[in-house]
Amino acid sequence: MTKNELICKQKLYLFDMDGTLYLGSRLYDFTLELLDTLGKTGRRYLFMTNNSSKSVDDYVKKLATLGISASREDFMTSSQATAYYLHKHHEGKKLYVCGTESLKEELRREGFTVTTDVNETECIVMGFDTELTFQKLHDVSYMLLTRPDLPYIATNPDYVCPTEFGSVPDCGSVCDMIYNATKKRPVVIGKPSPLMPQLAMEALGVSADEACVVGDRIYTDIKSGLNAGITAMLVMSGETTREILEESAEKPHLVLQDAGEILQAIKEEF
């Protein structure tokens with residue numbers, strides 16, 4: 001199967017966002033036409049992100065500022081996947097959330113009680129916390145060391161989040177800080193876990209041989225696609241360099257300069 005044939009056979013595209021469709025606050029030139037063309041040709045897409053610092057409603061607003069019209073149904077986020085996991089394994093437990101107010105609100109929306117009381121906490125949730133304080137690090141360390149059986153969940157394993165100027169520490173980096181203090185590792189929910197692609201396929205009724213992940217990171221985006229048994233397309237418009245790709249044990253099915261190659265392949269169908 002040629003590259004274009006593999007691109008065009010897909011019915012569901014699961015797009016990473018930052019580094020794939022935009023960078024920081026700069027939309028890539030091809031993005032709007034790509035999304036429009038996918039819709040016009042009967043294909044589906046979801047925005048699939050590990051970034052738990054923003055709620056789905058926040059993302060709807062952010063994309064609107066970039067000119068992308070989206071609704072809550074167009075997203076699959078690590079926050080949503082975390083809520084799914086919590087419902088399945090820790091229903092009704094009070095959560096201490098080392099995360100943003102947006103993440104806390106997303107979990108409250110799902111029916112969970114969020115607390116700052118370390119004594120009544122029944123489960124710890126670690127997110128990409130752009131509002132991080134030392135008090136939160138202190139509380140999480142205290143709970144993990146004094147209550148070693150306390151469930152400990154992380155929304156995503158990313159070490160950095162891309163920006164226009166480079167990168168900033170993400171959830172995985174903070175989890176490493178906590179590990180250095182406590183020797184405790186969390187259950188990680190987001191990519192590279194296959195959970196988000198699996199939930200997306202189930203929700204939209206698409207089989208694994210007609211779904212793909214498109215993203216700029218091998219250790220999250222590409223591995224999640226491989227773990228879910230779907231096509232993994234790496235774009236070189238974000239974090240991954242040629243050196244990283246060559247050194248990686250996990251290889252994508254396709255390597256694209258950017259997601260604009262998907263647009264070009266689909267246009268060449270007609």
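This is a predicted model: local features need pLDDT of at least 70, side-chain atom pairs count only at pLDDT 80 or more; totals for chains, interfaces and linings use all residues.
Helix 2 spans residues 31–40. Its buried residues are Thr31, Leu34, Leu35, Thr37 and Leu38. Viewed down the axis of helix 2, these residues fall within an arc of 165 degrees, so they line one face of the helix. An α-helix has 3.6 residues a turn, so residues three or four places apart point the same way. Just after helix 2, Gly42 adopts a positive phi of about 80 degrees.

Helix 4 (residues 78–89) and helix 5 (residues 101–109) form a crossing pair. Their axes come within 10 Å and cross at roughly 45 degrees. This angle lies between the 35-degree limit for roughly parallel and the 65-degree limit for roughly perpendicular, which makes helix 4 oblique to helix 5. The crossing is right-handed. Helix 4 contributes Ser79, Gln80, Ala83 and Leu86 to the contact, and helix 5 contributes Leu103, Glu106 and Leu107. By class, four of the contact residues are nonpolar, two are polar and one is charged.

Within helix 5, the buried residues are Ser102, Leu103, Lys104, Glu106 and Leu107. Helix 4 is one of the elements that cover them. Others are helix 3 (56–65), strand 6 (95–98) and strand 7 (123–126). Gly111 follows helix 5, and its phi is positive, near 100 degrees.

Conventions: Residues are numbered from 1 along each chain as its sequence is written. Side-chain values use heavy atoms; hydrogens and water are left out. Axes are lines fitted to C-alpha atoms, for helices over the stretch in contact, and angles run from 0 to 180 degrees between N-to-C directions. Helices (H or I, at least four residues) and strands (E, at least two) are DSSP runs, numbered from the N terminus. Angles under 35 degrees count as roughly parallel, over 145 as roughly antiparallel, 65 to 115 as roughly perpendicular and the rest as oblique. A crossing is left-handed if the near helix is turned anticlockwise from the far one by less than a right angle, and right-handed if clockwise. Contact means heavy atoms within 4.5 Å. Ala, Val, Leu, Ile, Met, Phe, Trp, Tyr, Cys and Pro count as nonpolar, Asp, Glu, Lys and Arg as charged, and the others, Gly among them, as polar. Buried means under 20% relative accessible area, exposed over 50%, partly exposed in between (1.4 Å probe, protein chains only). The arc is that of the directions from the helix axis to the C-beta atoms.
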